[in-house]
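I opened my notebook for a friendly look through this one. Here is what I looked up, entry by entry.

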Amino acid sequence: MTAALLLLALLGGWEAYADLSGIETFVLPAPSAIATALFDDRVLLWSNFTVTAGEIALGMLLAIALGLACAVAMYFSPALRRALYPLLIGSQTIPIVLVAPLLVAWWGFGLAPKLAIVALVCFFPIVVPTLDALDRVDADLRKLMRTFGASRWQTFRMVEAPAALPGVLTGAKLSVAIAAIAATLAELSGSESGLGNLLLKAIPNFETPRAFAAVIILSAFAAALFGLLAFAERRLLPWANQPRGTAP
């Protein structure tokens, strides 16, 4: 409720400033102008949104698959962890704004460079929480499984993998927002459709309300994905959401 009231206050202040200051709409459109663009351009916005949403969804799935594989491999092999972990950290210092145009130049304007950019950006936030969750598995549970004669694979499947699920979902939630940014950046670097491409065309043509409408749609989609992941975490992993010290 407080957040809604704060949002309404911000929108009201924005609307009042845009109306009373005399600022041009192409510089700063009022919320009412953006709402009009959302309605009038709904067909154009929807057709481009479906493209960007597909890139985000597929890129996230690719990042999760690769991130899980990498985290599990490093968990089982300390030598591999020592070799790969510094490289993973170093990869986060590479400006993706420079890599994106290169991938587009190599692979063209199709889907491949977009998926690669989203996966590259989201990969690290998946690996780190997953690996950390695996490292935090109770050692007594491992000893108990060995006492029962469980194999290494059985211990991983029955104890360690379930314990890592909260880390996976945490990483996925962290990746949602930056996945939207990455997909848009990929489209800005070279694309024939998508919300990023729409932004690239709208701003030079002084269609700023349409550009703001595209940003709002992208933000709402990222927020919806975050909410969906949070809901899935509460339903699938109820024990992970209990306050510390609370009995199950």
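Before counting, I noted that a residue is called buried when its relative accessible area is under 20%. By that cut-off, 38% of the 248 residues of the chain are buried.

Entry on the fold. I went through the secondary structure and found ten helices and zero strands. Read from the N terminus, the order is α-α-α-α-α-α-α-α-α-α. I then boxed the C-alpha atoms along the principal axes and got roughly 75 × 50 × 30 Å. Taking contacts between residues at least 6 apart in sequence, I saw that 71% join residues at least 24 apart.

Entry on confidence. I looked up the average pLDDT of the chain, which is 84, with 96% of the residues scoring at least 70. Helix H3 (residues 42–76) has the highest confidence, at a mean of 91, and helix H5 (residues 96–107) the lowest, at 80. Over residues 244–248, pLDDT stays under 50, and the model has two contacts beyond four places in sequence for them. A reminder to myself: where pLDDT is low, the predicted coordinates should not be read in detail.

I put the accessible surface of the chain at about 14100 Å², and 72% of it belongs to carbon and sulfur atoms. Which residues make a nonpolar surface patch of about 550 Å²? They are Met1, Leu5, Leu7, Leu8 and Leu11. I followed up on Leu7, which sits in helix H1 (residues 2–20). Leu7 counts as partly exposed because its relative accessibility is 48%.

Notes: Residues numbered from 1 in each chain as written. Predicted model: local features only at pLDDT ≥ 70, side-chain atom pairs only at ≥ 80, totals over all residues. Heavy atoms only, no water. pLDDT = per-residue confidence, 0-100. Helix = DSSP H or I, 4+ residues; strand = E, 2+ residues; numbered from the N terminus. Contact = heavy atoms within 4.5 Å. Patch = residues over 30% accessible without salt bridge, like charges linked within 9 Å, V, L, I, M, F, W, Y side chains within 5 Å. Areas by Shrake-Rupley, 256 points an atom, 1.4 Å probe, with all protein chains shown as cover. Salt bridge = Lys/Arg side-chain N within 4 Å of Asp/Glu carboxyl O. Buried < 20%, exposed > 50% of the residue type's maximum accessible area, 1.4 Å probe, protein only.
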